[in-house]
Amino acid sequence: MNILKTENLKSYYIFETPTEKKEVKAVNDVSIDIEEDKIYGIAGESGCGKSTFLKTICGLAEPPLRIVGGTIYYLVNGKYVDITKLKEEEYRKLRWEYISYIPQGSMSALNPIIRVKESFKDFVTAHKKIKDEQKDFEEPLRKHLNALGLPMRVLKSYPHQLSGGMRQRVTIALATILNPRIILADEPTTALDVVAQRAVIQLLKDIQTLQKNTIILVTHDMAVHANISNRMLIMYAGIFVEEADTEELFENPLHPYTQFLIGSLPKMGDKSYKISAPGSPPSLANLPQGCPFHPRCPYVMDICKKERPALVEMKPSHKVSCFLNSKERMQNE
Amino acid sequence: MSNTREELIRTEKLQKIFVVGGGFARSKLVAVDDVNFHVNKDEIFTLAGESGCGKSTVSKMLLGFLEPNEGKVYYKGEDISNLKKWKDKKGFMKEVQSIFQNPFETFNPLRKVDSYLYDTQKHYGMNHKGRVVEESLEAVGLDISEVKGRYPNEFSGGQLQRISIARALITRPSLLVADEPVSMVDASLRMSIVNLFKELRDKRHVSVLYITHDLATAYYVSDRIGIMFRGNIIEMGDVEDVLMNPKHPYTQMLKESIPEADPKKKWTERISIKELETEEYMRKGCKFAGRCPYVMEKCKDNMPEEISVENRMVRCWLYE
Ligand SMILES: Nc1ncnc2c1ncn2[C@@H]1O[C@H](COP(=O)(O)OP(=O)(O)OP(=O)(O)O)[C@@H](O)[C@H]1O
Ligand SMILES: Nc1ncnc2c1ncn2[C@@H]1O[C@H](COP(=O)(O)OP(=O)(O)OP(=O)(O)O)[C@@H](O)[C@H]1O
Ligand code: SF4
Ligand code: SF4
Ligand SMILES: [Mg+2]
Ligand SMILES: [Mg+2]
């Protein structure tokens, strides 16, 4: 079953002044199906809209960000619920118990003036009725923290007494303690060294295996995706350019941007010059017409400058949006 | 490359102590201790290591933003704490520029990016008739026309990071201190930024102190590397020696943990992280003793000295 679906989702940052209206098309007409019990990875150029996409699908779009069109379905007790149609109150019930969000830069998410334990307690009691506190709260918390390599003593600390890596793990512990069905993790390892990163990845994977939920993992780090994502999505300038199972994507990238992304990865022991995609990504407030990658694409064709390629299934479960690959184009020729 | 290269910046026994907590819980944290390294002219030197090991604290002391408790920083042979006059300080700041992790924090969201660049030029008294801003942008692959009249939020993070490098180049610096400059950008852009560092080194004689967690790019761009652990540099030498043939048990562990971007080579072994950071900082002897597979009696109470072995420095009693 697919646990989360979006159809033609559009979510823009909109700025209106008496004289002008500016739109940043951060999520631009995207449709996606995410399977249950999987780790779904998202990668892409900085500023291409990954965080905005996560914020939008977990119902956190606040002005200037607005959902301009499309739908977002969660599978709740076997039925699809369109969350864009839910009332605030109904939605709040779903949030955190059903879907939880670890925001980018979440090391600063902990309340700085209270001890870590109080943050946990506030959080859990706000979402669940606690009957027997010792049993229902302390024990799972202890187990949970243990798995993260965090001793119970962290509970007595204030956030500033913990290192970045530790705060990150505490935040992940916090976001997963209620056993949510979907976990959105935005760059959970970015500020970490490789050892702490590995511990966090191991933790996310353990949680997923244990709770059989779905993790949507956003990171720039392709090595992290290679390690734990089952399926991957590549975004570029607000659109989805490629989606495939992780091994297939690494072995057989079809979109020129994905090819650059994978081809430019440095390897230890290899100092040969790595070329990166020429130029820089467009600003989303000022997108080029047609395929948004065309100003940087080595294979650009006339059609690319005029029309936007659709996301087409090229092989079973491997989708790409590029005229080089598109069946439509081959048929037209 | 010869051994007699010109030194640009050097630290000597650098130490920084922070007081953490309040009231009875007050304690001292020696965040940086006995750190000795130098960056040569035309060189990319990397500082890498665990989160919270003191890298940013070192860079802040180098830039003169933070005063060391002990030790000195020498720039071109001169102790930077002697730069008392504003004119001398400004001269130093002109030559040593910094680039930060989050480009969105470098720029004021309410000001147009180009006016900020022109102000930097004016502030440092760079010749305003020349094309200083334009040339700096060109060095990072941008044209002034792409930047003119636009606000920071009209750029992507990657573009903005390039612009912040351009800003740092306006004063024609000899040294760039780049603290995690690529952690926010994707793999392709990451390579274009580190390639830019190489180009700046080779064509404009700019040295770079590159602070990062990303050992793969560190290997790719740097000439020499220092690995930090809990406030000390525990291994330092040519990047080829240190990363391809690490001697210190911590560097070895670090290297084994570098994930490979290949879904066929996933991690299989589990790791465990037991100790709290502050406990490791407080250790009297080798700070890695709690996790080291080769720990000896001596390690527990005695801090290892800087030992020279196979063309690099190692702080580990195994090599005594
Ligand atoms: N509050 C905001 N107001 C206006 N524009 C915004 C705002 N937040 C983000 N943007 C713009 O929306 C675009 C998408 O941003 P988003 O943070 O979703 O990107 P991202 O893919 O998560 O990037 P990164 O990899 O750098 O985290 C960017 O171009 C950014 O400049
Ligand atoms: N102003 C401060 N007051 C108290 N402690 C501090 C202060 N600044 C840093 N520290 C502590 O000093 C240690 C070193 O911090 P620093 O920021 O230099 O680490 P880092 O190596 O840059 O880490 P990261 O890779 O996470 O950026 C950490 O334990 C940190 O908590
Ligand atoms: S659609 Fe055209 S410009 Fe876009 S990626 Fe494909 S070939 Fe390149
Ligand atoms: S000094 Fe001792 S504890 Fe420290 S790294 Fe060397 S062997 Fe291990
Ligand atoms: Mg983001
Ligand atoms: Mg730092």
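This is a predicted model: local features need pLDDT of at least 70, side-chain atom pairs count only at pLDDT 80 or more; totals for chains, interfaces and linings use all residues.
View 1. Strands here are DSSP runs of type E with at least two residues, while helices are runs of type H or I with at least four residues, and both are numbered from the N terminus.

**View 2. The hairpin of S4(A) and S5(A).** Strand S5 (residues 79-82) of chain A runs antiparallel to S4(A), and four bridges join them. Within this pairing, A:Val76 has A:Lys79 in S5(A) as its bridge partner. Two residues lie between the strands of this hairpin, and A:Asn77 in the turn has a positive phi of about 45°.

**View 3. The surroundings of ligand 1.** Ligand 1 lies between chains A and B, and 16 residues surround it, the closest being A:Gly47, A:Gly49, A:Lys50, A:Ser51 and A:Thr52; a residue counts as near if one of its heavy atoms lies within 4 Å. Helix H1 (50-57) of chain A gives the largest share of this shell, three residues.

**View 4. Polar contacts of ligand 1.** A polar contact is a pair of N or O atoms within 3.5 Å. An oxygen atom of ligand 1 lies 2.4 Å from a polar side-chain atom of A:Thr52, and an oxygen atom of the ligand is 2.8 Å from a side-chain N or O atom of A:Lys50. For A:His220, the distance from a side-chain N or O atom to an oxygen atom of ligand 1 is 3.2 Å.

**View 5. The largest nonpolar core.** This core has 61 residues, and those with the most contacts inside it include B:Ile163, B:Leu176, B:Phe197 and B:Tyr210. A nonpolar core is a set of buried Ala, Val, Leu, Ile, Met, Phe, Trp, Tyr and Cys residues joined through side-chain atoms within 4.5 Å, and buried means under 20% relative accessible area, with a 1.4 Å probe and protein chains only. Helix H8 (residues 187-204) of chain B supplies the largest share of the core, seven residues.

**Notes.** Residues are numbered from 1 along each chain as its sequence is written, and chains are lettered from A and ligands numbered from 1 in the order in which they are written. Local features need pLDDT of at least 70 and side-chain atom pairs count only at pLDDT 80 or more, whereas totals for chains, interfaces and linings use all residues, and side-chain values use heavy atoms, with hydrogens and water left out.

Notes: Buried means under 20% relative accessible area, exposed over 50%, partly exposed in between (1.4 Å probe, protein chains only). Two strands pair if DSSP finds at least two bridges between them. A polar contact is a pair of N or O atoms within 3.5 Å; within protein, one must be able to donate a hydrogen and the other to accept it, and residues adjacent in sequence count only if both atoms are side-chain atoms.
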